[in-house]
Every structure is written in C-alpha cells, then in structure tokens.
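Reader: I would like to learn how to read salt bridges and helix packing in a model such as this one. Could we go through them slowly, with the criteria stated as we go?

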Amino acid sequence: MRKLDIQSIEDIAIGAALLGTGGGGDPYIGKLMAIQAVEEFGPITLLEADEVPDDALVVPTAMMGAPTVMVEKVPSGEEVIGAFNTLKNYLGQEIYATIPIEAGGVNSMIPLALAARLGIPVVDTDGMGRAFPELQMVTFHLNDVSATPMVICDEKGNNLMLNTVDNVWTEKLARSATVVMGGSVMLAIYPMKGNQLKSAGIHGIITLTEEIGKAIRGAKAKKVDPIKAVLDITGGYELFRGKISDVSRRTVGGFARGESKLIGIDSYKGKTLTLNFQNEHLIARTEEEVLATVPDLIAVLDSETAHPITTEGLRYGARCVVIGIPCNSKWRTEKGIATVGPRYFGYDIDYIPVEERVMNKRGDK
Amino acid sequence: MSYRIGIDVGGTNTDAVILDKNLVPIAKAKTPTTADVTSGIYNAISLVLNQKEVDRSEIKYAMLGTTHCTNAVVERKRLNKVAVIRIGLPATGAIKPLTGWPQDLKEAIGNMYFLVGGGHEFDGREIAPLDEKAIRDIAKQVKGVADSVAITSVFAPVSTDHEKRAAEIIKEELGDIPVSLSHEIGSIGLLERENATVLNAALVDVARTTAEGFKDALAREGIDAKIYFGQNDGTLMSVDYAVRYPILTIACGPTNSIRGASFLTKHKNALVVDVGGTTTDVGVLVNGFPRQSSIAVEIGGVRTNFRMPDLISIGLGGGTVVREGSEGITIGPDSVGYRITEAGLVFGGNTLTTTDVVTALGKAAIGDVTKVKDLNQDMLKQTYKKIVSMAEEVVDRMKTSSEPIPVILVGGGSVILPDELVGASEVLRPEHYDVANAIGSAIAQVSGQIERVFSIDELGREGALKMAKDMAIEEAVKAGADPATIEIVEIDDVPLAYMPGNATKIRVKAAGNLAV
C-alpha cells in the first residue's frame, strides 16, 4: 500500500498517454479531474492486488464515449457515485476498491479521481495493460468475468443498469445508450471479487505507468536518452524513426479509423512507415514488412522528449520514434488474439509477437 | 492616389511601410521597438513619412500588427477584472474555471468565477435549461467589481443560444459592460476555449488604449485613416472588432511575415523563413495563408486552443552572439537585439555577431568591413556552416514531404542565410524582404470563420460542407470583405471518435480583399 499524490498523478498521466498507443483520449482532462479531487479530498491509496481480500468487491470505473465530447462537456465528478450506490444496493455488498479497466489514455485517471472523492483505494491492476476501443477487450473477459451487472451514468443523474447475455451485447447496448446520454458517460462495470481480480487482471500497471512518466520527465535532468529510458522500462523495441507526412481519418461505425505516414530519417532514410489506427494504433508496417500489430503496443513518441503523441495530436513534420512494446501474455492466448488480434480489426495479418518480428528482421541482416 | 500604411511591431524592431493604391511599396522604415510599444509605433510612422513626400490626406487606411496584448498578458499588467461565468451545470464541476492558471495572473484578473446551469450536448440538445436567475444574481454580485465578463457555455460551438441569452441578461443588469462570448473566440475544448475567452475579456481595455494611441499617433502626423488591426490568421479586423476580440491580435507578427512573403513573391505554397534580430521563425505557407498549429498553445502560462500559426522558432538572428570556447563555436541563443548597430563589430562594437561573420566572409556588405578583416577565416567558415545547418534543420522539420519546396527568406536578419539551402527547390529573397511583416500587415485580407459539429447522417457530407462554407462566407462579408473576392481558404473536418451517427467537426475559413 502506498499513497499517490499530485506528482504521481502527473507522472501516471504521461505514462498513460504512452500506453494509450495513440488513442484512449488525452489524459490531460482526466489528470485535472484527479488533481482537483486530490486537492479537495486528499491523497489516494494504492493497493497491490495481493492486499485485496478474496471476497471483497472491486468495481472498475471508466468513461465511455468520445474523448472529443469529454473535453467539451467536462464531467461533474459526481456521476459514478450514483452508479456505485446502485451497484452496491443491487449486489448487497460494500465496494472495497476500484481499478481502471484500461491503464492507457484518459481512463487511467477516472478511477483515481473517483477514489479520492469516495475515499476508497485503487488497486494497481487493470484489464488491458494498454488502451482498447471496446468494452469486451479486457482480460477479465478472457477469464469469463461478466461485464454486467453494470451501470452507465451521466452528469444529469441518470443511471442505467444493464444485465446482458454476453459482453458483446454489453458493448452494443452501452454504446447506444452513450449517444442518447450525451456522448460521454461514466461506467461502473465488471464488478468482481478479489480472487477474480487476482487471476484475471494485469498487475502493477499503475506503477508501470508512473515509472514511464518519471523516466520521461527525469531523462532531461539526468541527461539520458528518454527514448532509451522508456524502452528499458517497458521492454520495448524501436521500430522506426521518421517525420509525420500525412494523416487521414474517417469515421466508421463510431470509430475514428485512419492511417498516418512517416518518412524515415536517420538510419530509416528512404523508407516509409504506415500506421493504421482505430483510435489506437493497430498495425505498423513499411512497404516491405509488418513491424508490429495489436495486441502489442505501438506508440509514437516525440524524438527529442519521448513525450507520447496521440493520433489527434499528430503534427505534420513532427519528428517521432515509433516503438513496439510486447503486450501482456494474457493477450497472447487463442482467445486473447481472437478478441483483440489483427483479424478482429479487419486486417488479414497473423499475429506474431513484436519481439519475434524484430528478431526475424535482425536475423535477415 | 490613395495610400495605406502598414505597421508591424516585432520583438526587436517596429517596421512601417506605405503602399500605394496598387499595393506597391513606396516607402519603408525600421526603428527599435520601445518598452511601451506605442512610442515605437509613433517613431516608425514619423520616420516612414519622412522617407517620401505623400499627401497625408490621401492615406486612407492604416493597419497595425502589435504586441500590446501579448505583453499585457505576459507582464500581468493593465488587465481588466473579469467575471468568469461557465454555463454547464450539472456537468463540468470536476474541473473548476481558471484551473492551471499561474497564481499571479489569476489575481491580476480578479479570480472570480461562477458555474451555472445550462449548456448543450454535442448534438444541440440542452444539458439543462439556462439558469437565468443565477446569471442575474451574478450580475448583481459583480457590479462595480468586474469591468469585463467572460461567458463560456458547454458546446457553444454547436449552439450559441445560452451564451447569447446570458449576455443579454448581463447587459440588462450591468449596462454597457464588455462581454466576451466563447463561441466567438475558440473551438471545441471547454477549458482551453474558456481560458482564451477569459484572456480576451481581460484585454478589452488594453485594446481600447492601443487603438486610441494609434489613432492619436496618426492624427499627430495629420493622417485621418480608417484603422485596422492585424489578426493572427493573417486577416484584418476593424477597431470595433479588435476591441471586442483583442486576443485575436496575439501572434499576428509571424503571420504578417508569412503573408507578406507570399505577397512579395506571388507564391502560395512555400516555407517562409523570417530572420529577425533575435530569432528565426519558420512557418508554412499553404494556399496563401499560414498553416495553423494543431496542438494546444500556451499564452502567458495559460493553455488555450486558440488558433495560432504553426511555427518553429530558434535562437538565430542577425544579432545572435557568436562565441569561441573550449567546446568549440557556439551560436546564441542570446542576441544583442536592436543594439546590433552599436554592439556588432562592423558597427564599431565589441560583440561578435552572426552579421559580423557574414560580412567578414564577404557574403553581405554591412557597416565597416575593415573592422572584421582580421578574424580567423577557419573560424568564420565553421561558424557560417553552423548557421546554415541550423536553418536547414528547421526547414527540414517543417516540411511535410521529402520533395524540395520553395523557401522564402524575409526579415532584416535574413542576410545571414545563403541563396541555397538543402531541401529547398529555390531560395527567394524578394525586394523589401526586410519589411515583409509590415507589408503583410498592410495587405491583409478580411476573413470569416466558423467551426461547428455537423451530423453527416442528416445533411450528408456535401450538404454539411456547403452549409459550413456559406456560413463562413457570410461571416467574412460581415467583417468587411468584398464579396466578389471571397474564397474559401481553409477546410478542416475531424470526425468525433468513439461515437456512432457520423458527427463531424467542420471548420471553414473564408477570406477576401478589404472592400474599399
């Protein structure tokens, strides 16, 4: 157990942008929410998963909808309190702690803000180890934890409980409700017991994001290469260095799909990298070969500062380093790849772990 | 023959030009920018009028691009006390207004904020009805305390109703108090737009004083011209407009240079490298206008989503100090600035500057060449190579493809750069390059811009775009553009992620020549 203060929140926000792999929404707004909550209600308690009793009730929380809406219709901060009460009464048990369902992007911050406000701990665990666009794309789903009963709530005080036949239905119904409720809502979802959390979650993830943030922030002062610092901490690989030359986006079924192109610089001169994204980066490839695919993490970092860049923040001419980070091993199972592999997103590419792709490439040379 | 006078206040110099009816420059002047800015403007006006005999009564238009507003925010001086009203409850309480503002700036504007019920959803539905009583109570409470009001409503770029109604109530209660409305200032992104709106409200008096000072300066020279202010998108606004939207003057200088470079070379797509006394700013000219930055920009420590030209600025100018030390040759980042004419070696001073280096190498003829003839040639060549590669690196960073593109050199300090640069298809150095910014100010167009969320499912993509274009043209005409010359200069659409229904955010800008 330890406390998270405002500096921890700042660091986690940077790390969360990186694990957001281009999407997940800019954590900036969530960071301000968490900071205000800590200023008003005091620091947040962070527990390790082992510290949670097996029968304690843990309820993850997250925002759902368009980050573009959330940056305009800022949450009230009170939304999830009602949802937690509804769920507590329905399940007949006090809620012991909350966790992020995704450690990447803005959803890294929502549980922190809520935990400060409610005075409950956050557990150092999530269900993705990164960010993904759909509700069933969590390791809890791989372990057959049900997303429901879940509660969707808005700032107006509406809260809607869903009990669905499976997690794919949850995703469909919840997304429709999100639009009616104004495009940005809060969720209390995947209620689970301590023992389920321990077996189904990805542990130590908040601490990892904090360390990534610290490394990026501290690299300049320590005069070390921040990119190398990030690769060391995450066990990632440099895939490409280049300049953003083109970004195209289109909306398909409520998701911003698109691709960005980078022209190689330094030792990558003469090559072009294409990044396909659906909110998050899905595929990184050059003309000749695929360099990395989901569920491995593909992040774009500023080449000088290593600050992560979202697909919305891609700026023409910006010099970037694209890195690939191996995903959690839970995603590398048959069910994991079926849930979040390249084919699920419509790409006719086999999933090969990024480290194997890198090794094969080195072998070629 | 009628004339126009254009003035641009830079960090180092204040420049002035007089253009004739056909927009041909007939006189130009450069004078150091003063701490109060206004006296420098006066100096520039009187200096340029001395360059050429013109009938002063024939000077019909005067355009000013100035740093008054930027300086006021940075120095936290002369700012208005602002009543900050956010319409959005029950939403938005998780982040209060003025979050993240530097404490001294918050205090300088009075640190008063209020949240009231109202605002809209992304599709135009109300989150809650506008709490009119709350607005009326706030008005009573801030009477005599606030001298300006900033109103920001959730999704005001989609529906302006609540902001407009709130402004009416404020006027009913407080009479003729200046009111800044967020939908007229910024785009989607509540906190950043609110910040920009509050800064705008804080600058109302600064803008008014600046306008009056400019008018006086012209009157003292016997000029009775129609006055315009330069905006940071390269277009003009009338005095009335500038007093309502002072924040739009911030960062107009680099924009004026880019526009001036385009005018002088007739190029519409190029990179513009503006070398001043202290810095080199590189911007991108796209269809005759500066490319805008897509990321949040900070003004005086406050994050805004305010439109700004996309620039990279490096510490390399005509007055940049060159040193030879144990780590080899270093260039800048400090500069002697406008003191170049006393401090530089070629002017009899003691400081080695970039201007001295190019003069010593015979690449420019400035000041007294004999003062630098004994400098070590190897050192000079190395330094020069460094200067050129610094410029080439920024050029490369701003380019979006590996194809070479034209590079236009402007600004008084651009003598330090060569006629060939790696990555440039050609390097242009137009006549009057040294006052391109003042020319950009004088020739600026008038524009209208809109930004809104449209539903593609309802209107279709073409329908939505057409509606957006028509609205932008209407805005341009309102701002004073000649309808016959209006063109759509910018279209940008961003789909809203994670949401069905194909909602998309469209931004369109239309611009035309000043209707004279």
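Author: A salt bridge is counted when a side-chain nitrogen of Lys or Arg lies within 4 Å of a carboxyl oxygen of Asp or Glu. The model is predicted, so local features need pLDDT of at least 70 and side-chain atom pairs count only at pLDDT 80 or more, while totals for chains, interfaces and linings use all residues. Residues are numbered from 1 along each chain as its sequence is written, chains are lettered from A and ligands numbered from 1 in the order in which they are written, and side-chain values use heavy atoms, with hydrogens and water left out.

Reader: How many salt bridges does the structure hold over all chains?

Author: Side chains of opposite charge can pair when their charged atoms come close. Over all chains, the structure holds 44 salt bridges. One of them joins A:Arg343 to A:Asp348, with the closest N and O atoms 2.2 Å apart.

Reader: Is A:Asp348 buried or exposed?

Author: Relative accessible area decides this: under 20% is buried, over 50% exposed, and in between partly exposed (1.4 Å probe, protein chains only). A:Asp348 is exposed at 70%, whereas A:Arg343, at 45%, is partly exposed.

Reader: Which parts of chain B does the pair of B:Asp434 and B:Lys28 tie together?

Author: Helices (H or I, at least four residues) and strands (E, at least two) are DSSP runs, numbered from the N terminus. B:Asp434 and B:Lys28 form a salt bridge at 3.1 Å, N to O. B:Asp434 sits in the loop between β20 (424-428) and α13 (436-442), and B:Lys28 in strand β3 (residues 25-32), so the pair ties together parts 406 residues apart in sequence. B:Asp434 is buried at 19% relative accessible area, and B:Lys28 is partly exposed at 31%.

Reader: At what angle do helices α1 and α2 of chain A pack?

Author: Axes are lines fitted to C-alpha atoms, for helices over the stretch in contact, and angles run from 0 to 180 degrees between N-to-C directions. Angles under 35 degrees count as roughly parallel, over 145 as roughly antiparallel, 65 to 115 as roughly perpendicular and the rest as oblique. Helix α1 (residues 6-19) of chain A packs against helix α2 (residues 28-41) of chain A at about 170°, with the axes 10 Å apart, and the two are therefore roughly antiparallel. Their contact (heavy atoms within 4.5 Å) involves residues including A:Ile9 and A:Ala13 of α1(A) and A:Ala34 and A:Val38 of α2(A).
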